[in-house]
Each structure stands twice: as C-alpha cells, then as structure tokens.
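Trainee: I would like a close look at one part of this model, with the cut-offs spelled out as you go.

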Amino acid sequence: CHFKGVMVASRYFERNDATLSKTVLDALGWEKAPQREREMLADFWVTKGLLAFSRVVYTKDKDLNDSEFQLPRTVTAGNGETIVTLWIQLPPGMRRTKKNFKRLEFRFAVDGNMSGNSTL
C-alpha cells in the first residue's frame, strides 16, 4: 500500500511528482535547518510520509536471513546529500506464507530534492 498523493501548503502532489519531497521538506523547515536537523527531517519524511503504510524494521527479525541487516540510519555524505537507509517488511500478500523484507535507500540533495539514486 502506498499513498496516491498528499496535500502540502494547500497544493495537491501526486506520489510520483518530482517536486514532492522538496516541497514537503521545505514546509518542514529544510532550507534553514542545520545538517543534523535536516537528517531528522529526512528520516521523519521517509518513515512517516513516504513509508506511512509500510512496516519499518527496527530490530532484526528472525525471518530476515540477510547478514547485511542494519538498523535504520540517516547520514550526511561529503557532498551534503542526506541518505536514509532502512529495511521494511513487505506486505504478506494473499498467498505468501513467509515474511519478506526489502532494504531501501532514500537520497536527498542539499536543496531537498530526492535524488535519482533513491530506491522505493
């Protein structure tokens, strides 16, 4: 499940609108925020906005057989890009019996735009 769109500052944005993340982050104060606060804003937008209908994994699940599991983290790269990396549990579907997980990465440029390297 994913949202179809959101209202931000009295404007409707489709989920795949290229300006959505920048608009949301700007509304949250991204432009004037120090880097540590930008990391918190990016984490908030990803977990409570983009992945609002997904289950973010905060502890390694016994069914997650991937040695690369890491706790959710948000860091700032040398170029100023803010990177949010986390795991989600995929919805079970109608016939799936075992749990499935996926690692996601979201990259936000210095100006708040989501970079093309993000995976969702």
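How many residues apart in helix 1 are Lys 22 and Asp 26, and about how many helical turns separate them?

Mentor: This is a predicted model, in which local features need pLDDT of at least 70 and side-chain atom pairs count only at pLDDT 80 or more, while totals for chains, interfaces and linings use all residues. Residues are numbered from 1 along each chain as its sequence is written, and side-chain values use heavy atoms, with hydrogens and water left out.

Lys 22 and Asp 26 lie 4 residues apart in helix 1, which means that about one helical turn separates them; a helix here is a DSSP run of H or I with at least four residues, numbered from the N terminus. Their side chains meet in a salt bridge, N to O, at 2.8 Å, the term requiring a side-chain nitrogen of Lys or Arg within 4 Å of a carboxyl oxygen of Asp or Glu. Lys 22 is partly exposed at 25% relative accessibility, and Asp 26 is likewise partly exposed at 29%, where buried means under 20% relative accessible area, exposed over 50% and partly exposed in between, with a 1.4 Å probe and protein chains only.

Ser 21, also placed in helix 1, which spans residues 20-27, is by contrast buried, with a relative accessibility of 5%. The side chain of Ser 21 makes a polar contact with that of Trp 45 at 2.9 Å, a polar contact being a pair of N or O atoms within 3.5 Å of which, within protein, one must be able to donate a hydrogen and the other to accept it, and residues adjacent in sequence count only if both atoms are side-chain atoms.

Terms used
Helices (H or I, at least four residues) and strands (E, at least two) are DSSP runs, numbered from the N terminus.
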